[in-house]
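Biologist: I am new to this one and would like to learn how to read its salt bridges. Could you walk me through them?

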Amino acid sequence: MIYLDYTATTPLNPEVTKTYTKLLNELFANPDSIHKLGLETESLMNKSRQLIADMLHVKYDEVLFTSGASEANNMAIKGVAFQYANRGKHIITSTCEHSSVYETCHQLEKVFGYEITYINVDSYGKLDLEQLNQAIRKDTILVSIMHINNEVGFINPVDQIVKIVREKNPLTKIHIDMVQSLGKVPIDLSQIDLASFSAHKIYGLKGSGILMKKNSCQIVPLISGGQQEFNLRAGTSNVLTNIVLAKTMRLALENLNDKLMKVKQMNHYLRERLILNEGVVINTPLTNGSPYIINVSFVGYKPEVFVHELEKYEIYVSTRSACSTKSNQMSRTLEMMKVDPAIGSSAIRISLSALTSQQELDTFINAVQETMKNLKKQR
Ligand SMILES: Cc1ncc(COP(=O)(O)O)c(C=O)c1O
């Protein structure tokens with residue numbers, strides 16, 4: 001099997017599986033119970049939270065365990081929106097966000113009467129910083145923009161976003177979806193208020209994530225009724241999942257630069273080989289793109305058919321973000337980049353890992369060439 005869909009999810013790191021299965025029957029006590037068993041699990045969960053805080057260079061109580069990044073994004077955006085509604089009801093995001101940000105903003109607009117400004121990108125995925133600058137107002141309470149785009153892989157300039165927002169309105173909170181950056185590129189949380197992370201994108205468990213929220217930023221909880229997560233997320237803690245997240249993160253951050261270098265080289269190699277084929281267009285910008293993602297169009301071929309054809313070689317890639325594969329339209333991100341519909345509607349997302357081998361890439365390239373030969377163009 002050749003798995004090239006690491007942006008959708010990753011296999012478990014065997015070390016994570018080992019720790020999880022070892023502790024599964026042992027660590028069942030409720031960390032909020034006051035007896036010895038409860039105190040033991042609480043202490044391990046606290047230790048995990050501290051280790052994660054250290055790795056992210058934030059404080060212990062700035063790490064909130066969640067069920068994943070979709071929840072973390074909702075918690076950040078709605079939490080800030082409801083908390084600071086008396087200051088203003090204007091929120092800024094981009095047109096290319098993951099659906100858990102985009103649809104959340106949309107819901108705030110439609111159901112709760114907030115005003116949302118969507119910042120555009122150019123054909124290279126470059127965020128329109130001038131539009132951002134113009135959009136920030138006195139009543140702007142939140143700017144939520146992702147770091148690395150999950151469909152095309154372009155990288156948004158967090159430091160420049162921060163500079164613009166802070167200069168224009170120091171009271172505006174900044175939330176960054178860092179799901180596709182953690183464990184892949186260096187990240188810096190020092191200047192931002194909130195950030196979202198997901199464990200299953202870094203070889204960890206599904207249903208596990210983090211919202212980093214600075215103590216200087218307040219949020220209204222989405223789930224009330226318990227003291228868990230500093231009164232911000234009620235419900236019995238998913239204790240073992242939260243405990244193994246520290247190990248997951250440590251392993252993902254290990255040798256980050258070596259992994260990045262390796263993936264950069266593979267990305268280069270793959271791009272060079274793919275582009276040799278007629279009718280292949282690479283949508284991920286060469287500069288300013290994550291080396292982990294290559295969004296590529298096989299013009300004239302239906303992406304779903306192409307993906308299923310590759311399956312015959314036991315090769316697994318995506319048509320687009322896993323959260324929107326059920327919709328038949330062209331990816332919103334490619335549309336916003338004003339990619340020609342004939343190109344955009346043939347797009348496939350290939351995503352790499354430091355686990356990917358040269359041999360896998362060569363087999364993939366051969367399978368692509370065979371597929372282009374064998375499949376009839378559909379439009
Ligand atoms: C950029 C981005 N944000 C958020 C999410 C949602 O993460 P989760 O699956 O943990 O809810 C994803 C997952 O595809 C993503 O790529």
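Modeller: Gladly! A salt bridge is a side-chain nitrogen of Lys or Arg within 4 Å of a carboxyl oxygen of Asp or Glu. Side chains of opposite charge can pair when their charged atoms come close. This is a predicted model, where local features need pLDDT of at least 70, side-chain atom pairs count only at pLDDT 80 or more, and totals for chains, interfaces and linings use all residues. Residues are numbered from 1 along each chain as its sequence is written, and side-chain values use heavy atoms, with hydrogens and water left out.

Biologist: How many salt bridges does a search of the whole structure find?

Modeller: The search gives 13. In one of them, arginine 233 meets glutamate 71 at 2.4 Å, N to O. The two are 162 residues apart: arginine 233 is in the loop between helix H7 (228–231) and helix H8 (239–253), and glutamate 71 is in helix H3 (residues 69–83). Helices (H or I, at least four residues) and strands (E, at least two) are DSSP runs, numbered from the N terminus.

Biologist: Are arginine 233 and glutamate 71 buried or exposed?

Modeller: Both are buried. Buried means under 20% relative accessible area, exposed over 50%, and partly exposed in between (1.4 Å probe, protein chains only).

Biologist: Where do lysine 373 and glutamate 370 lie?

Modeller: Both sit in helix H13 (residues 358–374), three residues apart, about one turn of the helix. Lysine 373 counts as exposed because its relative accessibility is 63%, while glutamate 370, at 34%, is partly exposed.
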